[in-house]
Amino acid sequence: MTKDRFWIHGLVAGAVAATQEVAGSVLVDAYNGLKALIARRFGGKEDLADAMEKVEARPDSEARQAVLKEELEAVQADQDAEVVAQAQALLALARESGLAG
């Protein structure tokens, strides 16, 4: 998986988990933690917050995922070691739960 896709897979899996009963609280908590970290680091970026909300509303939408990817790139989120670590941990949890491939 390319670097730009791991963001989307982790965040989308977290968004799906947040709206479904199948995910355990650990996965939902990890997603909420990543969202909170992104908000702290890049809080003034309304477009990013809006993109995350829209992916939560329709996590299967490739168009919304593309906008989220674009907004994450715009703030250079992949350069923040803590954000990257939490996104990777979220993706690993999502895979363990069967919500990400």
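The expected span of a helix is taken as 1.5 Å times one less than its number of residues, where helices are DSSP runs of H or I of at least four residues, numbered from the N terminus. The structure is a predicted model, in which local features need pLDDT of at least 70 and side-chain atom pairs count only at pLDDT 80 or more, whereas totals for chains, interfaces and linings use all residues. Residues are numbered from 1 along each chain as its sequence is written, and side-chain values use heavy atoms, with hydrogens and water left out.

For H3, the twelve residues should span 16 Å at 1.5 Å a residue, and the end C-alpha atoms are 17 Å apart, which agrees. Leu48, Ala51, Met52 and Val55 of H3 are buried (under 20% relative accessible area, with exposed meaning over 50% and partly exposed in between, for a 1.4 Å probe and protein chains only). Seen down the axis of H3, these buried residues fall within an arc of 100°, so they line one face of the helix; the arc is that of the directions from the helix axis to the C-beta atoms. Glu46, Glu53 and Ala57, on the other side of H3, are exposed.

H4 has 13 residues and reaches 18 Å from its first C-alpha to its last, close to the 18 Å expected. Its buried residues are Gln65, Leu68, Glu71 and Leu72, and they fall within an arc of 125° when seen down the axis of H4, so they line one face of the helix. The face of H4 turned away from this buried side carries the exposed residues Glu62, Ala63 and Ala74. In the loop between helix H4 (62-74) and helix H5 (81-96) lies Gln76, a residue other than glycine with a positive phi, near 55°.

The lining of the largest pocket includes Lys35, Phe42, Lys45, Met52 and Glu56. A pocket is an open set of points on a 1 Å grid over the protein atoms alone, where a 1.4 Å probe fits, with protein on both sides within 12 Å along at least five of seven lines, and lining residues have an atom within 4 Å of a point.

Methods:
Helix = DSSP H or I, 4+ residues; strand = E, 2+ residues; numbered from the N terminus.
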